[in-house]
Amino acid sequence: MATDQTPLNTNGHDLMPRRADAVQVLTGTRSGEPIVIGARFSCASCDQTPTYVLREGAVHVQDPCPYPMGITTEITLDVPSGKLIVTDDLRDVYDVDFDAGANYGSALGKKQVIEAMAALGCAFGNVNNTCPGLYRQGANSYVIAAPVRDDNDVPSLPDEACLAEISTELWAYSIADFDDWKAKGGHPGNKLLGKYTVVDVTPGTYKFTYHGAERGFDHHAADTVVFAHIERVPTPAS
Ligand SMILES: [Zn+2]
């Protein structure tokens, strides 16, 4: 057995902890497969456990990552009532098994949960513990974002554009049609974590584009962190 700092060709997988670019490799193991120390056990994008091969002085992951850029997830939410309930947790009405698919910590796991929630009628996304808000951007467009304040306490998004604050006990946002939530049994007295805000919007269908599982997404960036873009899907002129 020999150990050495060896370059790792990740083949697009998200395997390296920050600030690391080489791993330690144990060779001469009984199975013949190199053992890699210092990389993640599974890819933070695709959730696969890598198979390593040694070649020309470097260790390579055998198969390429299907999501080398991470994953941008788009879903749509119907809002016929023109009223959005905006909060962190709506699992009292819209609940899915977070462990049904890939690890929720991976980009693929987040995409699967977001799509399963959307199928039930809830726009959902992980935001870590950033306490973001729903901010107006245009007439029918919004963002879920966490602004920062500069040295003069000037926020990177105007306070008056904030339509709803999202406390993050669940580390997520959950947004649904308010009447749909009530029709499915939602009740202020039964609601789970966090308070909620009802925001008036133009009735219609809204596209949510979730960015929090993109490769290199920084929850604690020095500028506004935008978790999701929200815009009304234009309806054909009648
Ligand atoms: Zn991968």
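Predicted model: local features only at pLDDT ≥ 70, side-chain atom pairs only at ≥ 80, totals over all residues.

Biologist: Then why is Asp159 called partly exposed?

Modeller: Asp159 has a relative accessible area of 44%.

Biologist: What makes Asp159 and Arg149 a salt bridge?

Modeller: The rule asks for a side-chain nitrogen of Lys or Arg within 4 Å of a carboxyl oxygen of Asp or Glu. In Arg149 and Asp159 the closest N and O atoms are 3.1 Å apart, so by that rule the pair is a salt bridge. Both residues sit in the loop between strand 10 (141-146) and strand 11 (162-165), 10 residues apart. Arg149 also counts as partly exposed, at 44% relative accessibility.

Biologist: And why do such side chains pair?

Modeller: In general, side chains of opposite charge can pair when their charged atoms come close.

Biologist: How many salt bridges does the structure hold?

Modeller: There are nine salt bridges. Among them is the one between the side chains of Asp14 and Arg40, with 2.8 Å from N to O. Asp14 is in the loop between strand 1 (5-9) and strand 2 (22-26), while Arg40 is in the loop between strand 3 (35-37) and strand 4 (52-55), so the two are distant parts of the chain, 26 residues apart.

Biologist: Which residues are linked with Asp14 in a network of salt bridges?

Modeller: The network links Asp14, Arg40 and Arg215. The side chains of Asp14 and Arg215 meet at 3.6 Å, N to O, and because the limit is 4 Å, this pair passes too. Arg215 lies in the loop between strand 14 (204-210) and strand 15 (225-232), so its pairing with Asp14 ties together parts that are 201 residues apart in sequence.

Biologist: Now the metal. Which atoms coordinate the zinc ion?

Modeller: The zinc ion is coordinated by His13 (ND1), Cys43 (SG), Cys46 (SG) and Cys65 (SG), at 2.2 to 2.4 Å. Donors have to be within 2.8 Å of this metal, so these atoms qualify. The donor residues are spaced H-x29-C-x2-C-x18-C in sequence. His13 is in the loop between strand 1 and strand 2 and Cys43 in the loop between strand 3 and strand 4, so this pair ties together parts 30 residues apart in sequence. His13 and Cys43 are both buried.

Biologist: What makes the arrangement around the zinc ion tetrahedral?

Modeller: Four donors count as tetrahedral if all angles lie between 85 and 135 degrees. The four donor atoms around the zinc ion subtend angles of 97 to 118°, so the arrangement is tetrahedral.

Biologist: How do you know that Val96 is buried?

Modeller: The relative accessible area of Val96 is 17%. Buried means under 20%, so Val96 qualifies. Val96 is found in the loop between strand 7 (83-87) and helix 1 (107-120). Not counting residues up to four places away in sequence, Val96 touches Val113, Ala116, Met117 and Leu120.

Biologist: What about Thr6, is it buried or exposed?

Modeller: Thr6 has 9% relative accessibility, so it counts as buried. Thr6 is in strand 1, and leaving aside neighbours within four places in sequence, its contacts include Ala22, Val25 and Gly57.

Biologist: Last one: which values of phi do Asn11 and Asp47 have?

Modeller: Asn11 has a positive phi near 60°, in a residue other than glycine. Asp47 is not a glycine either, and its phi is positive at about 70°. Asn11 is in the loop between strand 1 and strand 2, and Asp47 lies in the loop between strand 3 and strand 4. Asn11 has a relative accessible area of 26%, so it is partly exposed. Asp47, at 22% relative accessibility, counts as partly exposed too.

Conventions: Residues numbered from 1 in each chain as written. Heavy atoms only, no water. Helix = DSSP H or I, 4+ residues; strand = E, 2+ residues; numbered from the N terminus. Buried < 20%, exposed > 50% of the residue type's maximum accessible area, 1.4 Å probe, protein only. Contact = heavy atoms within 4.5 Å. Donors = N, O, S within 2.8 Å, 3.2 Å for Na, K, Ca; no water. Tetrahedral: all angles 85-135°; square planar, octahedral: opposite > 155°, others 65-115°.
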